[in-house]
Amino acid sequence: MKDVFILAIESSCDETSMAIVKNGVEVVALTILTQMDTHANFGGVVPEIASRMHCENITMVLEETLNKAKMKVKDVDAIAVTYAPGLLGSLLVGVEFAKVLSYVYNKPLIKVNHMIGHIYANKIGDKMTFPNLALVVSGGHTQLIKMTGDYEFELLGETEDDAIGECYDKVARVLGLGYPGGPKIDKLATEGSNTYEFPMPVNDNTYNFSYSGLKSSVINLVNNERQRGNKIREADLACSFQTVAVGELVKKTELAIRNTGIKNVIVAGGVSANKYLRSEIAKLCEKYNAHLDLPDFIYCTDNAAMIGAAAYPLYLKKDFADLDLNASSNSNICW
Ligand code: KG4
Ligand code: ZN
């Protein structure tokens with residue numbers, strides 16, 4: 001079969017990214033232009049600034065990606081773009097840009113869900129094995145999904161309130177560690193021990209999660225200690241918080257392995273970059289003799305390569321979008 005090259009575009013939050021992906025598994029070129037430093041000044045992503053910066057940078061990101069691949073737009077077989085979920089203004093920049101390329105170069109347009117993109121980050125350079133249990137953990141999502149094949153998803157459970165990534169970010173903020181908080185807590189936790197006690201989020205037999213209670217306990221503890229003039233042992237607090245937050249993910253994944261008998265686990269989304277989570281999930285999989293797929297670090301957080309990987313099964317099915325494609329901020333679009 002002829003090789004298939006997909007030019008993929010991702011602009012759902014604060015990264016302008018493009019990639020050229022061959023046959024859904026090989027990254028020929030990838031560019032990620034992050035706006036993180038700008039948003040860090042405000043303690044989080046400012047949607048209006050994000051969409052303006054995408055507009056300013058998107059043409060440059062295309063040029064750089066094509067140069068790296070030594071290709072032209074006419075050489076690719078399709079244009080793929082993230083259309084949901086995310087910040088509406090940011091998504092729209094990518095969607096409109098993709099539509100223009102599709103129209104001008106007469107290439108099929110493929111719409112990709114951002115969260116499915118995170119899942120397919122596991123397919124880059126590898127084969128995803130089915131059935132599998134996908135633990136999807138990002139700034140907006142905490143879900144446990146059973147996958148029986150390409151694009152065959154069954155939602156087993158999800159967070160009842162905050163997402164785990166959001167919880168990391170809020171804990172980092174109260175400690176004054178800055179944005180994005182996840183990587184900072186991850187690093188700080190390695191220097192501390194599990195000495196603060198926090199309640200386990202949901203102690204039941206469902207696959208659901210809850211992180212707002214844990215978030216409030218950490219914030220309350222920090223505020224109370226400060227009011228009393230006590231010093232907070234930040235590294236210990238980061239480690240204690242992380243032990244509970246990740247412990248919950250591991251516990252629910254273990255329940256799913258036992259109940260379904262599925263021995264393939266994948267982890268997806270920004271929080272999959274967390275070193276403690278990676279090692280705890282690896283230990284769990286070892287215990288059950290299960291196969292574990294983790295995305296390479298570069299493909300954990302937002303990037304267009306995962307969008308190209310997720311677009312490939314749709315290309316094979318000729319599941320193409322029309323030029324009236326619109327962006328959507330809806331987070332539950334696919335399950
Ligand atoms: O997938 P992502 O880049 O964007 C969304 O689709 O939401 O995930 C971003 C989230 C943020 O909450 C960030 O703090 C978290 O992923 N994150 C981490 C780590 N790296 C990113 N959380 C914990 N440990 C990390 N190393
Ligand atoms: Zn993401």
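Which of the 18 residues around ligand 1 come nearest?

1. The nearest are His118, Gly139, Asp169, Asp186 and Gly270, a residue being near if one of its heavy atoms lies within 4 Å of the molecule. This is a predicted model, in which local features need pLDDT of at least 70 and side-chain atom pairs count only at pLDDT 80 or more, while totals for chains, interfaces and linings use all residues. Residues are numbered from 1 along each chain as written, chains are lettered from A and ligands numbered from 1 in the order written, and side-chain values use heavy atoms, without hydrogens or water.

2. One lies 2.9 Å from a side-chain N or O atom of histidine 118, and a backbone N or O atom of glycine 270 is 2.9 Å from an oxygen of the ligand. The protein covers 87% of the 550 Å² of accessible area that ligand 1 has on its own (Shrake-Rupley method, 1.4 Å probe).

3. His114 (NE2), His118 (NE2) and Asp302 (OD) coordinate the zinc ion (ligand 2) at 2.0 to 2.1 Å. Donors are N, O and S atoms within 2.8 Å of the metal (3.2 Å for Na, K and Ca); water is not among the atoms, so the site may look incomplete. Along the chain, the donor spacing is H-x3-H-x183-D. Histidine 114 and aspartate 302 are both buried (under 20% relative accessible area, 1.4 Å probe, protein chains only).

4. The whole structure contains 0 disulfides (cysteine sulfur pairs within 2.5 Å). The sulfur of cysteine 285 has its closest cysteine sulfur in cysteine 300, 15 Å away and therefore too far for a bond.

Note on methods: Buried means under 20% relative accessible area, exposed over 50%, partly exposed in between (1.4 Å probe, protein chains only). A polar contact is a pair of N or O atoms within 3.5 Å; within protein, one must be able to donate a hydrogen and the other to accept it, and residues adjacent in sequence count only if both atoms are side-chain atoms.
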